[in-house]
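Here's a quick tour of a few local features worth a look. Have the viewer open and follow along.

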Amino acid sequence: MSSVRIKKERRSPERRRRRSRSRSRSRSRERIRIKKEKPDDSHRNGHHGKRESHDHSSHRRDDAGQSRDRHRSRNDDHQRVKQERVKQEREYNDEARRRDRKHRPQNPFSNSDQDRQDWGGQNDSGASQDSEGENPNPAPKDQPNFGVSGKLAEDTNTFRGVVIKYNEPPEARIPKRRWRFYVFKGEETLPVLHLHRQSAYLLGRDRKIADMPIDHPSCSKQHAVFQYRLVDYQKEDGTIGRRIRPYIIDLESANGTFLNNKKIEPKRYYELQEKDVIKFGFSTREYVLLHANSKDTDDDMD
(Lines give C-alpha, C1' and ligand atoms only; values in the text may rest on other atoms or scores of the structure.)
Protein backbone atom coordinates (compact mmCIF):
# COMPACT_ATOMS: atom_id res chain seq x y z
CA MET A 1 0.00 0.00 0.00
CA SER A 2 2.83 2.35 0.78
CA SER A 3 4.51 1.61 -2.57
CA VAL A 4 1.29 2.31 -4.57
CA ARG A 5 0.72 5.51 -2.69
CA ILE A 6 4.27 6.60 -3.48
CA LYS A 7 3.80 5.81 -7.18
CA LYS A 8 0.65 7.91 -7.31
CA GLU A 9 2.39 10.77 -5.68
CA ARG A 10 5.31 10.53 -8.11
CA ARG A 11 3.03 10.98 -11.17
CA SER A 12 3.50 14.39 -12.66
CA PRO A 13 0.68 16.67 -13.94
CA GLU A 14 2.00 16.39 -17.49
CA ARG A 15 1.68 12.65 -17.34
CA ARG A 16 -1.89 12.96 -16.11
CA ARG A 17 -2.76 15.26 -18.95
CA ARG A 18 -1.32 12.86 -21.52
CA ARG A 19 -3.24 9.97 -19.99
CA SER A 20 -6.57 11.90 -20.13
CA ARG A 21 -5.92 12.87 -23.76
CA SER A 22 -5.29 9.26 -24.74
CA ARG A 23 -8.46 8.18 -23.02
CA SER A 24 -10.53 10.85 -24.82
CA ARG A 25 -8.98 9.83 -28.17
CA SER A 26 -9.78 6.20 -27.56
CA ARG A 27 -13.36 7.12 -26.69
CA SER A 28 -13.76 9.19 -29.87
CA ARG A 29 -12.29 6.31 -31.97
CA GLU A 30 -14.80 3.96 -30.35
CA ARG A 31 -17.67 6.25 -31.23
CA ILE A 32 -16.52 6.52 -34.85
CA ARG A 33 -16.19 2.78 -35.07
CA ILE A 34 -19.73 2.28 -33.71
CA LYS A 35 -21.13 4.76 -36.22
CA LYS A 36 -19.34 3.02 -39.08
CA GLU A 37 -20.64 -0.36 -37.98
CA LYS A 38 -24.31 0.80 -37.86
CA PRO A 39 -24.96 3.06 -40.87
CA ASP A 40 -27.94 1.03 -42.12
CA ASP A 41 -29.69 1.15 -38.74
CA SER A 42 -29.45 4.89 -38.60
CA HIS A 43 -30.72 5.14 -42.22
CA ARG A 44 -33.60 2.83 -41.34
CA ASN A 45 -34.39 4.83 -38.24
CA GLY A 46 -34.50 8.03 -40.29
CA HIS A 47 -36.93 6.52 -42.80
CA HIS A 48 -39.00 5.17 -39.98
CA GLY A 49 -39.26 8.67 -38.46
CA LYS A 50 -40.36 10.02 -41.80
CA ARG A 51 -42.98 7.33 -42.06
CA GLU A 52 -44.21 8.18 -38.57
CA SER A 53 -44.43 11.90 -39.43
CA HIS A 54 -46.22 11.00 -42.66
CA ASP A 55 -48.67 8.84 -40.71
CA HIS A 56 -49.34 11.69 -38.27
CA SER A 57 -49.98 14.17 -41.09
CA SER A 58 -52.30 11.71 -42.84
CA HIS A 59 -54.20 11.23 -39.57
CA ARG A 60 -54.56 15.00 -39.25
CA ARG A 61 -55.84 15.27 -42.80
CA ASP A 62 -58.33 12.50 -42.13
CA ASP A 63 -59.59 14.29 -39.00
CA ALA A 64 -59.95 17.56 -40.92
CA GLY A 65 -61.85 15.81 -43.71
CA GLN A 66 -64.17 14.18 -41.22
CA SER A 67 -64.88 17.55 -39.53
CA ARG A 68 -65.59 19.10 -42.94
CA ASP A 69 -67.96 16.29 -43.75
CA ARG A 70 -69.76 16.80 -40.44
CA HIS A 71 -70.11 20.54 -41.14
CA ARG A 72 -71.41 19.83 -44.64
CA SER A 73 -73.95 17.39 -43.30
CA ARG A 74 -75.13 19.94 -40.73
CA ASN A 75 -75.44 22.65 -43.39
CA ASP A 76 -77.35 20.25 -45.60
CA ASP A 77 -79.72 19.49 -42.72
CA HIS A 78 -80.29 23.19 -42.07
CA GLN A 79 -80.95 23.86 -45.73
CA ARG A 80 -83.37 20.95 -45.89
CA VAL A 81 -85.28 22.18 -42.82
CA LYS A 82 -85.38 25.72 -44.20
CA GLN A 83 -86.72 24.54 -47.56
CA GLU A 84 -89.41 22.50 -45.80
CA ARG A 85 -90.49 25.53 -43.76
CA VAL A 86 -90.66 27.72 -46.86
CA LYS A 87 -92.70 25.08 -48.63
CA GLN A 88 -95.13 24.83 -45.71
CA GLU A 89 -95.53 28.61 -45.58
CA ARG A 90 -96.25 28.77 -49.31
CA GLU A 91 -98.84 26.05 -49.04
CA TYR A 92 -100.48 27.85 -46.11
CA ASN A 93 -100.55 31.16 -47.98
CA ASP A 94 -101.99 29.53 -51.09
CA GLU A 95 -104.72 27.92 -49.02
CA ALA A 96 -105.51 31.28 -47.36
CA ARG A 97 -105.77 32.96 -50.77
CA ARG A 98 -108.13 30.27 -52.00
CA ARG A 99 -110.35 30.76 -48.94
CA ASP A 100 -110.37 34.53 -49.47
CA ARG A 101 -111.40 34.09 -53.11
CA LYS A 102 -114.32 31.93 -52.08
CA HIS A 103 -115.67 34.49 -49.60
CA ARG A 104 -114.83 37.58 -51.67
CA PRO A 105 -117.83 39.29 -53.40
CA GLN A 106 -117.87 39.42 -57.17
CA ASN A 107 -116.75 42.51 -59.03
CA PRO A 108 -119.81 44.60 -60.04
CA PHE A 109 -117.88 46.11 -62.94
CA SER A 110 -117.02 42.78 -64.50
CA ASN A 111 -118.24 42.08 -68.06
CA SER A 112 -119.25 38.49 -67.39
CA ASP A 113 -122.95 37.71 -66.94
CA GLN A 114 -122.26 35.32 -64.10
CA ASP A 115 -120.49 38.03 -62.09
CA ARG A 116 -123.35 40.45 -62.63
CA GLN A 117 -125.90 37.86 -61.57
CA ASP A 118 -123.93 36.98 -58.43
CA TRP A 119 -123.55 40.60 -57.44
CA GLY A 120 -126.87 42.27 -58.15
CA GLY A 121 -129.18 39.29 -58.61
CA GLN A 122 -129.72 40.11 -62.28
CA ASN A 123 -130.76 37.28 -64.58
CA ASP A 124 -129.32 36.39 -67.95
CA SER A 125 -132.17 38.01 -69.87
CA GLY A 126 -131.63 41.37 -68.20
CA ALA A 127 -127.93 41.14 -68.84
CA SER A 128 -128.54 40.31 -72.50
CA GLN A 129 -130.98 43.23 -72.85
CA ASP A 130 -128.44 45.63 -71.36
CA SER A 131 -125.76 44.31 -73.67
CA GLU A 132 -128.00 44.47 -76.75
CA GLY A 133 -129.69 47.84 -76.21
CA GLU A 134 -128.58 51.08 -74.65
CA ASN A 135 -129.62 52.02 -71.14
CA PRO A 136 -132.29 54.74 -71.38
CA ASN A 137 -131.17 56.34 -68.08
CA PRO A 138 -127.38 56.09 -67.86
CA ALA A 139 -125.77 57.09 -64.59
CA PRO A 140 -124.13 60.53 -64.74
CA LYS A 141 -120.36 60.48 -64.82
CA ASP A 142 -118.31 62.33 -62.28
CA GLN A 143 -117.02 65.57 -63.68
CA PRO A 144 -113.49 66.75 -62.89
CA ASN A 145 -113.29 69.06 -59.91
CA PHE A 146 -110.70 71.82 -60.20
CA GLY A 147 -111.57 73.50 -56.92
CA VAL A 148 -109.06 74.26 -54.20
CA SER A 149 -108.53 71.24 -51.96
CA GLY A 150 -106.38 72.99 -49.38
CA LYS A 151 -103.66 70.33 -49.42
CA LEU A 152 -101.03 72.75 -50.70
CA ALA A 153 -101.82 75.22 -47.93
CA GLU A 154 -101.20 72.62 -45.20
CA ASP A 155 -97.44 72.86 -45.61
CA THR A 156 -97.35 76.66 -45.42
CA ASN A 157 -100.24 77.23 -42.97
CA THR A 158 -98.88 75.24 -40.02
CA PHE A 159 -98.29 76.87 -36.64
CA ARG A 160 -96.58 74.99 -33.80
CA GLY A 161 -97.17 71.69 -35.54
CA VAL A 162 -100.93 72.28 -36.00
CA VAL A 163 -102.53 72.86 -39.40
CA ILE A 164 -104.65 76.01 -39.30
CA LYS A 165 -108.04 75.71 -40.97
CA TYR A 166 -108.08 79.36 -42.03
CA ASN A 167 -106.05 81.42 -44.49
CA GLU A 168 -106.15 85.21 -44.48
CA PRO A 169 -107.55 86.83 -47.65
CA PRO A 170 -105.44 89.15 -49.84
CA GLU A 171 -107.38 92.19 -48.58
CA ALA A 172 -106.37 91.58 -44.94
CA ARG A 173 -105.09 94.74 -43.24
CA ILE A 174 -104.14 95.96 -39.77
CA PRO A 175 -106.68 98.61 -38.66
CA LYS A 176 -105.94 102.17 -37.61
CA ARG A 177 -108.92 102.29 -35.29
CA ARG A 178 -108.49 100.62 -31.92
CA TRP A 179 -111.26 98.06 -31.75
CA ARG A 180 -111.95 96.21 -28.53
CA PHE A 181 -114.01 93.35 -27.14
CA TYR A 182 -115.77 94.15 -23.87
CA VAL A 183 -116.51 90.76 -22.31
CA PHE A 184 -119.44 90.18 -19.94
CA LYS A 185 -120.44 87.03 -18.09
CA GLY A 186 -123.87 87.72 -16.68
CA GLU A 187 -123.42 90.78 -14.51
CA GLU A 188 -119.67 90.25 -14.16
CA THR A 189 -117.30 92.32 -16.30
CA LEU A 190 -114.19 90.54 -17.55
CA PRO A 191 -110.92 92.08 -18.82
CA VAL A 192 -111.03 93.97 -22.11
CA LEU A 193 -109.55 92.32 -25.22
CA HIS A 194 -107.70 94.69 -27.56
CA LEU A 195 -108.09 93.89 -31.27
CA HIS A 196 -105.96 96.45 -33.13
CA ARG A 197 -102.48 94.89 -33.04
CA GLN A 198 -102.87 92.41 -35.93
CA SER A 199 -105.07 91.78 -38.95
CA ALA A 200 -106.75 88.56 -37.71
CA TYR A 201 -107.46 86.78 -34.43
CA LEU A 202 -108.12 83.05 -34.13
CA LEU A 203 -110.65 82.15 -31.44
CA GLY A 204 -110.85 78.62 -30.10
CA ARG A 205 -110.31 76.15 -27.30
CA ASP A 206 -106.76 75.15 -28.33
CA ARG A 207 -104.52 77.52 -26.36
CA LYS A 208 -101.51 76.32 -28.33
CA ILE A 209 -102.63 78.20 -31.46
CA ALA A 210 -105.56 80.43 -30.43
CA ASP A 211 -105.01 84.19 -30.26
CA MET A 212 -108.04 84.56 -28.00
CA PRO A 213 -108.69 81.32 -26.07
CA ILE A 214 -112.27 80.21 -25.38
CA ASP A 215 -112.25 77.65 -22.58
CA HIS A 216 -115.87 76.57 -22.76
CA PRO A 217 -116.22 72.83 -23.59
CA SER A 218 -118.92 73.51 -26.21
CA CYS A 219 -116.45 75.51 -28.33
CA SER A 220 -114.22 73.95 -30.96
CA LYS A 221 -110.43 74.03 -30.97
CA GLN A 222 -110.54 76.36 -33.99
CA HIS A 223 -113.93 77.95 -33.59
CA ALA A 224 -113.97 81.30 -35.46
CA VAL A 225 -111.77 84.10 -36.80
CA PHE A 226 -112.05 87.84 -36.25
CA GLN A 227 -110.72 89.35 -39.50
CA TYR A 228 -110.03 92.91 -40.75
CA ARG A 229 -110.57 93.47 -44.48
CA LEU A 230 -109.95 96.41 -46.79
CA VAL A 231 -113.21 96.91 -48.73
CA ASP A 232 -114.69 99.48 -51.07
CA TYR A 233 -117.63 101.66 -50.10
CA GLN A 234 -119.56 104.54 -51.67
CA LYS A 235 -119.25 107.96 -50.13
CA GLU A 236 -122.01 110.53 -49.85
CA ASP A 237 -120.80 112.39 -52.94
CA GLY A 238 -120.98 109.20 -55.01
CA THR A 239 -117.28 108.45 -55.16
CA ILE A 240 -115.77 105.10 -54.19
CA GLY A 241 -113.58 104.97 -51.12
CA ARG A 242 -111.77 102.21 -49.22
CA ARG A 243 -111.86 101.43 -45.54
CA ILE A 244 -110.92 98.66 -43.13
CA ARG A 245 -113.85 96.92 -41.53
CA PRO A 246 -114.06 94.08 -38.96
CA TYR A 247 -115.60 90.74 -39.95
CA ILE A 248 -116.37 87.46 -38.22
CA ILE A 249 -116.25 84.02 -39.88
CA ASP A 250 -117.19 80.66 -38.36
CA LEU A 251 -114.78 77.78 -39.08
CA GLU A 252 -117.45 75.05 -39.21
CA SER A 253 -117.54 74.78 -35.45
CA ALA A 254 -119.55 72.09 -33.70
CA ASN A 255 -122.01 74.41 -31.94
CA GLY A 256 -121.81 77.53 -34.09
CA THR A 257 -121.22 81.25 -33.64
CA PHE A 258 -123.98 83.73 -32.80
CA LEU A 259 -124.15 87.35 -33.93
CA ASN A 260 -126.75 89.35 -32.00
CA ASN A 261 -128.34 86.03 -30.86
CA LYS A 262 -128.58 84.73 -34.47
CA LYS A 263 -126.51 81.80 -35.62
CA ILE A 264 -124.33 82.63 -38.62
CA GLU A 265 -123.48 80.33 -41.49
CA PRO A 266 -120.04 78.72 -41.46
CA LYS A 267 -117.31 79.71 -43.92
CA ARG A 268 -118.91 83.08 -44.63
CA TYR A 269 -117.81 86.60 -43.70
CA TYR A 270 -120.19 88.76 -41.67
CA GLU A 271 -119.42 92.45 -41.32
CA LEU A 272 -119.52 93.69 -37.75
CA GLN A 273 -120.89 96.97 -36.58
CA GLU A 274 -120.25 98.88 -33.43
CA LYS A 275 -122.02 97.46 -30.36
CA ASP A 276 -122.59 94.07 -31.99
CA VAL A 277 -122.75 91.17 -29.52
CA ILE A 278 -121.02 87.87 -30.37
CA LYS A 279 -121.36 84.53 -28.56
CA PHE A 280 -119.55 81.24 -29.19
CA GLY A 281 -121.17 77.83 -28.72
CA PHE A 282 -123.16 77.47 -25.52
CA SER A 283 -120.92 79.82 -23.57
CA THR A 284 -122.72 82.54 -21.59
CA ARG A 285 -119.97 85.09 -22.23
CA GLU A 286 -120.93 88.00 -24.44
CA TYR A 287 -118.35 89.84 -26.53
CA VAL A 288 -119.44 93.42 -27.27
CA LEU A 289 -117.52 95.15 -30.09
CA LEU A 290 -116.54 98.76 -29.41
CA HIS A 291 -113.56 101.00 -30.20
CA ALA A 292 -111.64 103.70 -28.42
CA ASN A 293 -113.75 106.54 -29.91
CA SER A 294 -117.15 104.94 -29.97
CA LYS A 295 -118.94 108.31 -29.75
CA ASP A 296 -117.30 109.48 -33.00
CA THR A 297 -118.66 108.41 -36.38
CA ASP A 298 -115.51 108.90 -38.49
CA ASP A 299 -114.72 106.03 -40.81
CA ASP A 300 -111.41 104.27 -40.78
CA MET A 301 -109.91 105.37 -44.07
CA ASP A 302 -106.91 103.79 -45.73
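Let's start with charge: Arg15, Arg18, Arg19, Arg21, Arg23, Arg25, Arg27, Arg29 and Arg31 form a positive surface patch. A patch takes residues with over 30% relative accessible area and no salt bridge, joining like charges within 9 Å; a salt bridge would be a side-chain nitrogen of Lys or Arg within 4 Å of a carboxyl oxygen of Asp or Glu. Arg31 sits in helix H2, residues 13-37, and counts as exposed because its relative accessibility is 53%. (Exposed is over 50%, buried under 20%, partly exposed in between, with a 1.4 Å probe and protein chains only.)

A word on the source: this is a predicted model, where local features need pLDDT of at least 70, side-chain atom pairs count only at pLDDT 80 or more, and totals for chains, interfaces and linings use all residues. Residues are numbered from 1 along each chain as its sequence is written, and side-chain values use heavy atoms, with hydrogens and water left out.

Next, His223, in the loop between strand S7 (212-213) and strand S8 (224-234). With 0% relative accessibility, His223 is buried. Its side chain makes a polar contact of 3.3 Å with the side chain of Thr257; such a contact is a pair of N or O atoms within 3.5 Å, one able to donate a hydrogen and the other to accept it.

Key: Patch = residues over 30% accessible without salt bridge, like charges linked within 9 Å, V, L, I, M, F, W, Y side chains within 5 Å. Areas by Shrake-Rupley, 256 points an atom, 1.4 Å probe, with all protein chains shown as cover. Lys, Arg positive; Asp, Glu negative; His and termini not counted. Charge placed at Lys NZ, Arg CZ, Asp CG, Glu CD. Helix = DSSP H or I, 4+ residues; strand = E, 2+ residues; numbered from the N terminus.
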